[in-house]
Amino acid sequence: MTRNLTLRARGPCGIIATLLAVHPGKAQEIIELPPENRWLEPQFEELYRVGSLGGKDWEQFGSVRRVAFDATGQLYVFDISTKRVYVVNQRGELRRTLGGPGEGPGEFRRPDGLAVMRDGRLVIADMGHLAYHVFGPDGQFERRVRMAPESAIATLTDFMPDPGGHAVFTATGSQPLEIRFLDQGQEKRYTSLPIERLLLTGDVITRETVAEGWLPMNETTWLEDRPVFGPRMLAGVLPDGSVAFSDSSAYSIKIARLGVGVWRILRRPLQPIPVTNRMIAVEKDRQLANTSPGLAKYERARIASLSFFEEVTILRNLKTGWDGEIWVQRHGPEPVGDDGPIDVLTMEGVYLGSYRRGAVRMPDAFGPSGLVAFIELGDLDEPTVAVKRLPIQVSIR
């Protein structure tokens, strides 16, 4: 038996909450966020920087792939070129390094992706070993946990730490980090985009489905070219272990929890814009202009055969902070080529405000007490990491 129950109440900042009970005992709250922008000033306090050609030997990074914080505010810098992780204290001083190339315990073949638990436990994925390397809070190598791919194509997407520890979250359909073709198995086909919790306590990962994201085209693989301007899976983990994600072209952020599914939806009344022939021509020209000369023939054929979604997806990036903030970036004036404003929400459904287009980049990592980190390039394109603190208006509610 299906039951519909709608309760509406106006809350903080003009929010309207709607409670939908689709099945008895299972309610889904929908919170309508205000349409007007409330502009925030990007007054970030810079605390320190690491990474310099003229600095110490350890901070002459080759290619910084990921950064993260633990609960004490220590920064973890993953340099994929040296295959090492550098742990930096709250003053920007090196505490330890771990990893490195090799075949031994705690050494990497093809590492990518980084997850740091709040207690400092560290997880690195390695497509060479088809395993996750787990390090203890003291930096000592503990074990490898095998990935056990489910098809002939092993795909590594960005993964996020479980605040409770001993697990990471992945979202099928998010930006892939690396793809490896295996000798056995068949390519898996999807009818949805699952968000999964991967338990790391055994010899092989154990998968638990948190939610099923929307796949615009049924009976297809998400590895195939997705329509330009169409939705991508965007996800971040919240402090209580819930996952905030966007899987459609609308301004709709779903919050799901293991064993419960989607229990809250944050919506803002902004409408996707229709895709026009001019947009298609501009996007094809943009991609052609960025084509490598050596791949020009192949790229021209690929670009000519591109498929396009019927409307421009509103959201293009999503990150979550340690206190339950959800940062979402909209598209800019040129739907694919430009980044737009960044909205800051809370998991409770409070709209804190927005940063204007170009005022600030989306942080590469969030930490405790309003810490954020940005991966940047210096004057000679050397990688640097700037650690800053958020203004009080978005770090404390």
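**Entry 1: an aromatic pair**

I looked up tryptophan 58 and phenylalanine 61 and found that both are buried (under 20% relative accessible area with a 1.4 Å probe, protein chains only; exposed is over 50%, partly exposed in between). The model is predicted: local features need pLDDT of at least 70, side-chain atom pairs count only at pLDDT 80 or more, and totals for chains, interfaces and linings use all residues. Residues are numbered from 1 along each chain as its sequence is written, and side-chain values use heavy atoms, with hydrogens and water left out.

**Entry 2: more rings**

I noted that a pair of aromatic rings is described by the distance of the centres and the angle of the planes. Rings of Phe, Tyr and Trp (its six-membered ring) pair if their centres lie within 6.5 Å; planes under 30 degrees apart are stacked, over 60 edge-to-face, the rest tilted. I get eleven aromatic pairs by this rule. Phenylalanine 44 and tyrosine 355 have ring centres 5.9 Å apart and planes at 80 degrees, so I log the pair as edge-to-face. This pair links distant parts of the chain, 311 residues apart. Phenylalanine 44 is in the loop between strand E3 (26–32) and strand E4 (45–50), while tyrosine 355 is in strand E28. Strands are DSSP E runs of at least two residues, numbered from the N terminus. Both phenylalanine 44 and tyrosine 355 are buried. Tryptophan 58 and phenylalanine 61 are also edge-to-face, at 6.1 Å centre to centre and 65 degrees between the planes. I found one aromatic cluster made of Phe44, Trp327, Tyr355, Phe366 and Phe374.

**Entry 3: strand E28**

I checked the strand that holds tyrosine 355. Strand E28 (residues 351–355) is mostly covered, with five of its five residues buried. Strand E27 (residues 339–346) runs antiparallel to E28, joined by four bridges; pairing needs at least two DSSP bridges. Aspartate 343 stands opposite serine 354 in E28. E27 and E28 form a hairpin with four residues between them. In the turn, glycine 349 has a positive phi of about 100 degrees.

**Entry 4: charges over rings**

I count a charge over a ring if NZ of Lys or CZ of Arg is within 6 Å of the ring centre and within 35 degrees of the ring normal. The charged end of arginine 268 sits over tyrosine 351, 4.6 Å from the ring centre. Arginine 257 lies over the face of tryptophan 263, at 4.5 Å.

**Entry 5: an open sheet**

I traced four strands in the order E5-E6-E7-E8, paired antiparallel in an open sheet. Strands E5 (64–69) and E8 (94–99) stand at the edges with a single partner strand each, so one side of each has no neighbour in the sheet. Strand E7 (residues 84–88) pairs with E8 over five bridges. Valine 88 has leucine 94 in E8 as its bridge partner.
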